[in-house]
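Subject: Structure handover

Hello,

Please find the structure below. My notes on it follow.

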Amino acid sequence: MKMKELEAATGIGRETIRYYIREGLLPEPIRPKRNVATYGKEHVKRLNLIRRLQQERHLPLSVIKSIVNSGGDQPAGSFETLIGLEVALGPLLADGRTLAPMTLQDVARETGFTIEEIRRFAAVGVVHIDEREDGEWLNQRNIRIMELMRASRDAGYTPEIGYTIESYEIYPKMVELLARRAVLGFYSRLGDKLDQPTAAKLAVHGIGTVSEMIPLLLIEKIVRDVERITATGELPSEEEDI
């Protein structure tokens, strides 16, 4: 079928269709000759899927692209109803301060760190910088992390005594392991059992539990290790399983 017929069959305009092709959401048409393009049933099917994912799941195109290019019309695995869960999680995870995203320039001005220092924090995984067409931004969680880094620096944890930006890279590495295990466990256990709103609420409760439990476990461990050092007069090695 020609472009005009594809538009009629799907209700989607040609400029949108061409955009989807450019972005890799839709396969290229067959071109038997120059300035002639032929579209098939697979294009109709793909366009209907994209529209359904937008209207029913409210997914961004970046997520839809990963779904439609996964080798089928649905994502692989038993967790397809939870694809796009981050959209539902966003409002539920707001910290109550209605803290809007900020550009790197604004974060630098507010915290006293240079833009280069913020990028170094991002390089070791402490914060994540969102790349947008209008610049580099931090979301509210990452802004708060930079505020905490500022407070830590002001309290005395300075590069002069050995607390460089790179010395914090152990924390995101540890968190990455914990987060991956938690996410895999959640999706593998509940992916085919819950609808998205229910899953979002349960995930937020789990995040809250872990967020409160981990600091308590850490404090308990640090205090006991300090007691151990006092009792033995020895420091544990970095490689030691403590």
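Leaving aside its neighbours within four places in sequence, which residues is S152 in contact with? They are Y157 and Y168, where contact means heavy atoms within 4.5 Å.

Before the rest, some conventions. This is a predicted model, in which local features need pLDDT of at least 70 and side-chain atom pairs count only at pLDDT 80 or more, while totals for chains, interfaces and linings use all residues. Residues are numbered from 1 along each chain as its sequence is written, and side-chain values use heavy atoms, with hydrogens and water left out.

S152 belongs to helix α8, which covers residues 140–155 (helices are DSSP runs of H or I with at least four residues, numbered from the N terminus). S152 counts as buried because its relative accessibility is 16% (buried is under 20% relative accessible area, exposed over 50%, partly exposed in between, with a 1.4 Å probe and protein chains only). Y168 is also in the buried class, at 13%. Y157, in contrast, is partly exposed at 42%.

Both of these tyrosines also turn up at a cavity. A cavity here is a set of points on a 1 Å grid over the protein atoms alone where a 1.4 Å probe fits but cannot get out; lining residues have an atom within 4 Å of a point. The lining consists of F113, F121, M149, R153, Y157, Y163 and Y168. By class that gives 6 nonpolar, no polar and 1 charged residues (Ala, Val, Leu, Ile, Met, Phe, Trp, Tyr, Cys and Pro are nonpolar, Asp, Glu, Lys and Arg charged, the others polar, Gly among them).

Across the whole structure there are 4 aromatic pairs (ring centres of Phe, Tyr or Trp, the last by its six-membered ring, within 6.5 Å; planes under 30 degrees apart are stacked, over 60 edge-to-face, the rest tilted). One of them joins Y157 and Y163 edge-to-face, with 4.8 Å centre to centre and 85 degrees between the planes. Another, Y168 with Y171, is tilted, at 6.3 Å and 40 degrees.

Two arginines sit over rings. The charged end of R150 is over F113, 4.7 Å from the ring centre, and R132 lies over the face of W137 at 4.6 Å (CZ of Arg or NZ of Lys within 6 Å of the ring centre and within 35 degrees of the ring normal).

Regards

Notes: Helix = DSSP H or I, 4+ residues; strand = E, 2+ residues; numbered from the N terminus. 1 Å grid on protein atoms, 1.4 Å probe; cavity = no way out; pocket = protein on both sides within 12 Å on 5 of 7 lines; lining within 4 Å.
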